[in-house]
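Welcome! Let us take a walk through this protein together, starting with its overall layout and then moving to the charged pairs and the surface.

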Amino acid sequence: MYEDDRCIAIHDIHPVAKVHALIIPKKEIPRLSEADAADRELLGYLLGIATIVAAKLGIADTGFRVVINNGKDAGESVPHLHLHLLGGEPLGWKHGGSN
């Protein structure tokens, strides 16, 4: 649904919301905690792309969530940093762990 020289955005094949896209940098960064100072500009760029993709998907005005999983306890299943763009419906907030 979106591609440029720095990233690609695709629909998630296992959506957890009515709208669920992945924004994936072309530069290989295993996870957010392994990004370095040289990656900061790219990370900000990806957030900007999230707003563009949200507009293309019609969820910019109603609201959306951006999620980055980092590590197995956060649900990371692919060791390549990517952003989850979620929306298209009211999103609750459920999380694991004990409080």
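Reading from the N terminus, the elements follow the order β-β-β-α-β-β. That gives the protein 1 helix and 5 strands. Please keep in mind that what you see is a predicted model.

How does the overall size fit the chain? For 99 residues, a compact globule would have a radius of gyration near 13 Å, and the protein's 14 Å agrees with that. Along the principal axes, the C-alpha atoms fill a box of roughly 40 × 35 × 20 Å. Of the 99 residues, 33% are buried. Looking at contacts with a separation of 6 or more, 57% are between residues 24 or more positions apart.

Now for the charges. Side chains of opposite charge can pair when their charged atoms come close. Searching the whole structure turns up 6 salt bridges. One of them joins the side chains of D39 and K27, at 2.3 Å from N to O. Both residues sit in the loop between strand 3 (19-25) and helix 1 (40-56), so this pair ties together parts that are 12 residues apart in sequence.

A second pair to look for is R31 and E76, whose closest N and O atoms are 2.7 Å apart. Are R31 and E76 buried or exposed? Both are buried. R31 and E76 also belong to a network of salt bridges that includes E34.

For another setting, turn to K72 and D73, which form a salt bridge with their closest N and O atoms 3.4 Å apart. K72 is exposed, with a relative accessible area of 72%, and D73 counts as exposed too, at 74%.

V66 can be found in strand 4 (residues 64-67), and V66 is partly exposed, with a relative accessible area of 32%.

Note on methods. Residues numbered from 1 in each chain as written. Predicted model: local features only at pLDDT ≥ 70, side-chain atom pairs only at ≥ 80, totals over all residues. Heavy atoms only, no water. Helix = DSSP H or I, 4+ residues; strand = E, 2+ residues; numbered from the N terminus. Buried < 20%, exposed > 50% of the residue type's maximum accessible area, 1.4 Å probe, protein only. Salt bridge = Lys/Arg side-chain N within 4 Å of Asp/Glu carboxyl O. Rg over C-alpha atoms; globule rule 2.2 N^0.38 Å. Contact = heavy atoms within 4.5 Å.
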